[in-house]
Amino acid sequence: MKLNFGMALPAVFAVSLAYAMPASAQQASPAPDSAHLDVDQLFATTCGWCHSDGGREAGKGPQLMNTARDDDFMRNRIKNGKPGAMPGFGSTFSDAQIEEIIKYIRELKPHQG
Ligand code: HEC
């Protein structure tokens, strides 16, 4: 009996440690919805397949820099896409993130030099 008690104690510590770790890791990471979107990175990966050079040049999709489209049109296109042309991203990004993307497109400038 005395021996069993001595062996059970470290096991209890190990279990409580395992439960404590995910809880603290959760606190450290921000909620997905409030996560800041790195639009440069997004265009380098997801959108850049079709909107080249960060949206500065046409690819399979049109050039986005200096677009004549209004915000509503872009919001709708990014959310719903266009069948056969562009996938919809309405379930990928929050409304706030889509606003960040539109802001990025509005601020696009040609490369310096
Ligand atoms: C598979 C290719 C493809 C991908 C990936 C893609 N697009 Fe598009 N995009 C298109 C095409 C093609 C159009 C033009 C559709 C049309 O004919 O109206 C378009 C149009 C747009 C427009 C409207 C601009 C205009 O002048 O019509 C915006 C804004 C836009 N895309 C943003 C994005 C963003 C942001 C992403 C990434 C999250 C993205 N696209 C990913 C192909 C793509």
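Helices here are DSSP runs marked H or I with at least four residues, strands are runs marked E with at least two, and both are numbered from the N terminus. On that basis, the protein I am showing you has 4 helices and 2 strands, and read from the N terminus the elements run α-α-β-β-α-α. Please keep in mind that this is a predicted model, in which local features need pLDDT of at least 70 and side-chain atom pairs count only at pLDDT 80 or more, while totals for chains, interfaces and linings use all residues. Residues are numbered from 1 along each chain as its sequence is written, and side-chain values use heavy atoms, with hydrogens and water left out.

Let me give the overall figures before the details. The accessible surface of the protein comes to about 8500 Å², and 60% of that belongs to carbon and sulfur atoms; areas of this kind come from the Shrake-Rupley method with a 1.4 Å probe, and for residues only the protein chains shown count as cover. Of the 113 residues, 24% are buried, where buried means under 20% relative accessible area, exposed means over 50%, and partly exposed is what lies in between, again with a 1.4 Å probe and protein chains only. If we take contacts (heavy atoms within 4.5 Å) with a separation of 6 or more, residues 24 or more positions apart account for 52% of them.

Now to the metal site. Which residues coordinate the iron atom of the ligand? They are His51, through NE2, and Met86, through SD, at 2.0 to 2.1 Å. This pair links distant parts of the chain, since His51 is in strand E1 (residues 51-52) and Met86 is in the loop between H3 and H4, 35 residues apart. Donors are taken as N, O and S atoms within 2.8 Å of the metal, or 3.2 Å for Na, K and Ca, and, as water is not among the atoms, sites may look incomplete. The 6 donor atoms around the iron subtend angles of 86 to 179°, which makes the arrangement octahedral. To spell out the criterion, six donors count as octahedral, and four as square planar, if opposite donors are over 155 degrees apart and all others between 65 and 115, four count as tetrahedral if all angles lie between 85 and 135 degrees, and anything else is irregular. For reference, the ideal angles for six octahedral donors are 90 or 180 degrees. His51 itself is buried, with a relative accessible area of 10%.

Turning to charged side chains, the structure holds 5 salt bridges, each being a side-chain nitrogen of Lys or Arg within 4 Å of a carboxyl oxygen of Asp or Glu. Arg106 forms one with Asp71, with the closest N and O atoms 2.7 Å apart. Arg106 lies in helix H4 (residues 95-106) and Asp71 in helix H3 (residues 71-80), so this pair ties together parts that are 35 residues apart in sequence. Both ends are partly exposed, Arg106 at 40% relative accessible area and Asp71 at 29%.

Arg75 takes part in two further bridges. With Asp72, the closest N and O atoms are 2.6 Å apart, and these two residues both lie in helix H3, 3 residues apart, or about one turn of the helix. With Glu99, the corresponding distance is 2.7 Å, and because Arg75 lies in helix H3 and Glu99 in helix H4, that pair ties together parts 24 residues apart in sequence. Within it, Asp72 is exposed at 52%, whereas Arg75 is partly exposed at 23% and Glu99 is partly exposed at 35%.

Next, the rings. There are 2 aromatic pairs, and in one of them Phe43 and Tyr104 are stacked, at 4.8 Å centre to centre and 20° between the planes. The rings of Phe, Tyr and Trp (for Trp the six-membered ring) pair if their centres lie within 6.5 Å, and planes under 30 degrees apart count as stacked, over 60 as edge-to-face and the rest as tilted. Phe43 is in helix H2 (residues 39-47) and Tyr104 in helix H4, 61 residues apart, and both are buried.

Leu42 also lies in helix H2 and, at 8% relative accessibility, counts as buried. Leaving aside neighbours within four places in sequence, Leu42 is in contact with Leu37, Cys47, Gly48, Phe93 and Ile101; Leu42 and Ile101 are 59 residues apart in sequence and 9.1 Å apart in space, C-alpha to C-alpha.
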